[in-house]
Amino acid sequence: MRLPREEEAGGGMGPSVIYMIVGVSAFILIVLLAVFRNNDKKSGGSEYLQEVQRQQQEAVQEEQLAIQEEEAAPKLRAEDLDFWDMYPEEEEVPEEEKKPAESVSKNPYTEKAEKEKEKDREVERQKEEEERNDPATDGKHTLITNRDGSEEWVLISPYLKKNTFDFTNMEDKAGLKRYMENGRKTSYVGVDISKHTGKIYFPSLKAAGVDYVMIRLGSRGYSTGQITLDENFKENIEGAIEAQLDVGVYFYSQAISQDEAIQEANFVVQNLEPYRGKVKYPIAFNMGFVSNDKSRIEGLSREDKTAVTVSFLEGVKAAGYVPMVYGDKEWLLKEVDLTKLQDFDVWLSQEEDIPDYPYLYSMWQYDTDGVLNGIDGGADLNICFVGYSER
């Protein structure tokens, strides 16, 4: 049996208790939620740090890989780059030509000194230009002495054959010149003779070392125009042949036309007929002016003299002889056109130790007053570079 308040007191809860339970439960729930959120934050931060570390490691690996590739690649130099060829190389300017930067105000003494230096440099430049254009040193000209004594520089033609003689190979023996190659004589000793030479002892010439003689066959008068045979021609050619000397001949011309030149050539050929098989050296054409007088050829032009020369030489060649043109340096370079005489041998007259005639020649008359056994008085001495008798 229960007392009247027993059931109410023991069997139910009042509102205050319920509120307290609810409040405690809510507090516990709030605490748990806070704990869970804190754990979530810690977990999220750890993943973020891991991601950052991973990206840093990947960046380091990529950088190391790039370094390895760069070291393995071939090294380029500045000169390997094509764009350097776009710019011309700068020439180094001499120190004396470098001008100092202009200042606001110049010292009058310094300015005067600079002008003097510039003037000196200009003089030096002009001097260098003159030296480059000096015909005496440019290698393109040769000096000739005209018959009036004046001197003249003449341009050397690039189209004519040049002589290639090395005059260090030349030697003199008893007054006679010889050209030596590898210790062997490759030239021939000669003299030219006429009635003006006087009495000649041909065996003595042979003993003196003479190999050949050039004999004047005849001449045309420089005023009369008459053709005559040299007074000593027959005696000279027969004496030379008997002494077993090789012989050639020359004719002194004053022809003023091609017809006269052909007439002279025929005259020579006719007078050589008895000795045809004995004449091994050339037949030379000698045309020239006369000292202290006027000659028939004074009025001829260069072209006229060339045409006359060619006519004579062609006539001789047609007869089976070797034609040759004789002349000194002035005659050959100024009075005839050598470009039209290239097919003929040249006999040069120049009394020098070393001739400076620039073109090819076969024979050289180097002395007109030499001393030689077999000739009384002065002898005309020659050297020949071609073995005509051996052809």
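The structure holds 16 salt bridges, a salt bridge being a side-chain nitrogen of Lys or Arg within 4 Å of a carboxyl oxygen of Asp or Glu. This is a predicted model, in which local features need pLDDT of at least 70 and side-chain atom pairs count only at pLDDT 80 or more, while totals for chains, interfaces and linings use all residues. Residues are numbered from 1 along each chain as its sequence is written, and side-chain values use heavy atoms, with hydrogens and water left out.

**Salt bridges**

- E118 forms a salt bridge with R121, with the closest N and O atoms 2.9 Å apart, and because the two are three residues apart in helix α3 (residues 108-132), they are separated by about one helical turn; helices (H or I, at least four residues) and strands (E, at least two) are DSSP runs, numbered from the N terminus.
- E118 counts as partly exposed at 31% relative accessibility, and R121 is partly exposed at 21%, where buried means under 20% relative accessible area, exposed over 50%, and partly exposed in between (1.4 Å probe, protein chains only).
- K234 and E238 meet through their side chains in a salt bridge of 3.0 Å, N to O, and both lie in helix α5, four residues apart, which is about one turn of the helix.
- E235 forms a salt bridge with K199, the closest N and O atoms being 3.5 Å apart; this pair links distant parts of the chain, with E235 in helix α5 (residues 233-242) and K199 in the loop between β6 (188-193) and α4 (202-207), 36 residues apart.
- R220, E260, E264 and R296 are linked in a network of salt bridges.

**Strands and sheet**

- Three strands form an open sheet in the order β3-β4-β5, with antiparallel pairing, and two strands pair if DSSP finds at least two bridges between them.
- The edge strands are β3 and β5 (184-185), each of which pairs on one side only.
- Strand β3 (residues 170-173) is joined by four bridges to strand β4 (residues 176-181), and M170 stands opposite Y179 in β4.
- β3 and β4 form a hairpin with two residues between them, and A174 in the turn has a positive phi of about 55°.

**Exposed residues**

- D369, placed in strand β13 (residues 363-370), counts as exposed at 57% relative accessibility.
- L32, placed in helix α2 (residues 15-72), counts as partly exposed at 42% relative accessibility.
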